[in-house]
Number of protein chains: 2
Amino acid sequence: MKELDAKDRDILGILSKEARIPLKTLAGRIGLSRSATSERVAALEKSGVIRGYRADIGQMDTNLVSAFLMVTLVSTPSIGVLDQLARYSEVRRVSSVTGQLDLMVEVEVPSIDRLNTLRDIIATHPSVQDLTTLIVLRRDIERRE
Amino acid sequence: MKELDAKDRDILGILSKEARIPLKTLAGRIGLSRSATSERVAALEKSGVIRGYRADIGQMDTNLVSAFLMVTLVSTPSIGVLDQLARYSEVRRVSSVTGQLDLMVEVEVPSIDRLNTLRDIIATHPSVQDLTTLIVLRRDIERRE
DNA sequence: GGTGTAACCGACGCTTTGCCGGATGCCCGA
DNA sequence: TCGGGCATCCGGCAAAGCGTCGGTTACACC
């Protein structure tokens, strides 16, 4: 894959916020002809820098419950735990972190019951020493892009 | 705003993964004429259900540092803290949570220095009682949408 | 200077889009 | 039951968008 120059970064910056603007507009904004812009975008797509285009949907999954599970392991790293977490589609993100705990697990479940089930499953894994659950009451700030 | 029917949900499901497919293709997939589909999409955009379209960029700002800041307040709610947090674009998300702490703040900064600065600023806010920083070492699982 | 490569531009023809008139289905009051 | 009113659908037209091509410029290298 080639190196990204300034104009490529401009393109990415614009498309990451407005993925559907016409090529002509995009070309004008970065100071290139439409066809040159078209080729650059195509190259960015083919090389995998642009992985796809997604519509940003407003609140529709309204009654989902989000939570943070703070996990301490008996010894790091523990691949077994990650494998198990990966099996559940409700697990949105898992991060290895510094500090008192080892894993920050973010989940999105349809109900509190389901959250409890999930938490119990994870907590009883032999590699898990401690698990603290924080249920999200409200998203105060949420930035996209 | 109107209620969303099954076809609207189909549209959202498809566009949330492939925001740039031609209307014709989209129409064929949901079983409507192109123009009817066009009107539905336009309505979804105008009503705010579709907030925008974003290109999904692969890892390019690879050297960004992510962190969780776990904040305990002297008394909840504290609007002053949220106002301050909202001022920094590095603050990606803030969630009010249950449990031992009050706010889970997720940040993305260009350097550890910047993280320290940000943490100090937040920690010295009069409403903040305690602040624990967890630096993300690695994203083990990350799911989109 | 000659040659190769990479990136640019403008133009051509095809595809997609926005917009319109008219058809269809459904609700509700007379 | 009938007949407006309303929402939603379709097909077609003109305009705008797109991918692709040949030709041009810029630059590095021998």
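Predicted model: local features only at pLDDT ≥ 70, side-chain atom pairs only at ≥ 80, totals over all residues.
Chain A is built from five helices and five strands. Read from the N terminus, the order goes α-α-α-β-β-α-β-β-α-β. The radius of gyration of chain A comes out at 21 Å, while the globule rule gives 15 Å for 145 residues, so chain A is more spread out than a compact globule. Along the principal axes, the C-alpha atoms of chain A fill a box of roughly 60 × 35 × 25 Å.

Next come the charged pairs. Side chains of opposite charge can pair when their charged atoms come close. Counted over all chains, there are 22 salt bridges. One of them sits within chain A, where Arg40(A) pairs with Asp8(A) and the closest N and O atoms are 3.0 Å apart. Arg40(A) belongs to helix H3 of chain A and Asp8(A) to helix H1 of chain A, so this pair ties together parts that are 32 residues apart in sequence.

Now for the interface. Chain A puts 57 residues into the contact, and chain B puts in 58 residues. Between them, the two chains bury about 5400 Å², with carbon and sulfur atoms giving 50% of that area. Three arginines stand out here: Arg20(A), Arg54(A) and Arg143(A) supply 14% of the area that chain A buries against chain B, more than any other three residues.

For instance, Arg51(A) forms a salt bridge with Asp56(B), and their closest N and O atoms lie 3.9 Å apart. Sorted by type, the residues on the side of chain A that touches chain B come to 29 nonpolar, ten polar and 18 charged.

Strand pairing also links the chains. S3(A) pairs with strand S5 of chain B (residues 128-142) in the antiparallel sense, over five bridges. Two of the residues of chain A involved are Ser95(A), whose bridge partner in S5(B) is Arg139(B), and Val94(A), whose bridge partner there is Ile141(B). Within chain B, S5(B) is also joined to strand S2 of chain B (residues 65-73) by seven bridges, and these two strands run antiparallel. In that pairing, Phe68(B) stands opposite Leu134(B).

Note on methods. Residues numbered from 1 in each chain as written. Chains lettered and ligands numbered in written order. Heavy atoms only, no water. Contact = heavy atoms within 4.5 Å. Buried area = accessible area lost by both parts, 1.4 Å probe. Salt bridge = Lys/Arg side-chain N within 4 Å of Asp/Glu carboxyl O. Nonpolar A, V, L, I, M, F, W, Y, C, P; charged D, E, K, R; others polar. Pairing = 2+ DSSP bridges. Helix = DSSP H or I, 4+ residues; strand = E, 2+ residues; numbered from the N terminus. Rg over C-alpha atoms; globule rule 2.2 N^0.38 Å.
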